[in-house]
Amino acid sequence: MRLTAKHCLSIAAFLLLVGCSKQESPMALGTLERDQVQLTATATEIITSLPIKEGSEVKKGDVLVTLRSSQQQSRLDKSIADQQKAASYLKKLTNGARPEDIAEAQALVVQNQANLEEKNDEYRRFELLYRKKMVSAADRDRELAQRDIAKAELTVAKNKLEKLLNGERLEDIKQAQAALLAAQKNVELQQQILADYTIKATRNGLLESLPYHVGDRVTANTPVAILLTHSVPYARVYVPEPYRAQLQPGDILTVHVDGVDTVFKGKLRWVATQPSFTPYYALSGDDRARLVYLAEIDLPQSGKTLPAGIPVQVEMPNE
């Protein structure tokens with residue numbers, strides 16, 4: 001069968017297209033990215049205010065979200081009361097007894113001493129009468145018991161006076177000091193927790209997103225504000241598998257940004273060791289089954305004003 005010139009031209013064009021489809025792309029495709037900061041709720045509470053609108057520029061320390069804090073305020077008030085109680089108890093131990101307390105204890109000792117002498121006289125009298133068989137043994141024993149009670153009361157009074165004069169034990173004072181320190185630290189903790197109910201920007205940047213509204217109840221650790229920092233953006237691209245072996249962190253690569261005539265020289269920050277599937281925007285023909293490696297390339301300071309999300313292409317090194 002003869003092939004006409006037209007047929008030969010068609011076959012040649014087909015083979016050229018097939019050959020072109022088999023060529024590897026010399027570019028790694030991706031987008032510009034910026035460091036993202038997610039600020040999360042510190043408690044399961046209701047949002048009470050959102051002072052700054054999405055898309056606004058914010059500075060470090062600006063209030064972005066406030067949560068209802070009445071319950072935490074009550075916890076703080078209780079911890080302050082416990083601290084005051086511990087401080088008062090320690091002061092009581094270290095100040096020692098008041099003069100009037102000591103005078104009262106001394107008077108009680110004198111009173112019990114006189115009472116014991118009286119009970120001793122009564123007992124001796126009943127003992128003499130008992131020997132003369134003028135009172136019963138029960139009467140004599142009752143007076144003996146009254147004397148012993150008076151003796152015990154005198155001992156208690158003397159011990160109380162001695163305690164007041166000697167002051168509190170060192171161990172009790174140290175225990176009270178430790179209790180006060182624990183109460184102080186608890187107050188500091190509750191104050192910090194209360195402060196965290198007011199969520200502030202931790203860096204300068206752009207308030208990209210406020211996922212919730214005033215009145216929404218959010219759970220703890222849920223992102224309630226997302227910031228994009230003003231740091232220099234970086235290119236996050238997918239490196240085709242044939243070029244992975246030629247790349248090492250620190251390599252200088254050429255970066256093309258869509259819509260920007262300037263060509264940037266970026267420094268390879270990181271490249272994955274585990275492959276990923278080819279992203280949807282890099283798929284074509286047989287490339288659908290090819291693996292790629294995620295990589296991040298830092299741009300120079302000259303690219304600081306570039307917005308995030310713009311497509312980029314990074315030239316791969318020649319084999």
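Helices (H or I, at least four residues) and strands (E, at least two) are taken as DSSP runs and numbered from the N terminus. The structure is a predicted model, in which local features need pLDDT of at least 70 and side-chain atom pairs count only at pLDDT 80 or more, whereas totals for chains, interfaces and linings use all residues. Residues are numbered from 1 along each chain as its sequence is written, and side-chain values use heavy atoms, with hydrogens and water left out.

Residue N221 is placed in the loop between strand 8 and strand 9 (223–229). Its phi is positive, about 70°, although N221 is not a glycine. At 61% relative accessibility, N221 counts as exposed; buried denotes under 20% relative accessible area, exposed over 50%, and partly exposed the range in between (1.4 Å probe, protein chains only). A positive phi, near 60°, is also found at K133, likewise a residue other than glycine. K133 lies in the loop between helix 3 and helix 4 (137–166) and is exposed, with a relative accessible area of 76%. Most residues other than glycine have a negative phi.

Strand 3 (residues 45–49) and strand 8 run antiparallel and are joined by two bridges; R217 in strand 8 is the bridge partner of I46.

Within helix 3 (residues 99–131) lies N115, which counts as partly exposed at 24% relative accessibility. Residues up to four places away in sequence aside, N115 touches A150 and E153, contact meaning heavy atoms within 4.5 Å. The C-alpha atoms of N115 and L154 are 8.5 Å apart in space, the two residues being 39 apart in sequence.

A nonpolar core is defined as a set of buried Ala, Val, Leu, Ile, Met, Phe, Trp, Tyr and Cys residues joined through side-chain atoms within 4.5 Å. The largest such core has 23 residues, of which V237 and V239 touch the most other members. Elements giving two or more residues to this core include strand 1 (27–33), strand 10 (234–240) and strand 14 (291–298). A second, separate core of 19 residues includes V37, I199, L210 and A225. In soluble globular proteins, nonpolar side chains tend to be buried together.

Methods
Two strands pair if DSSP finds at least two bridges between them.
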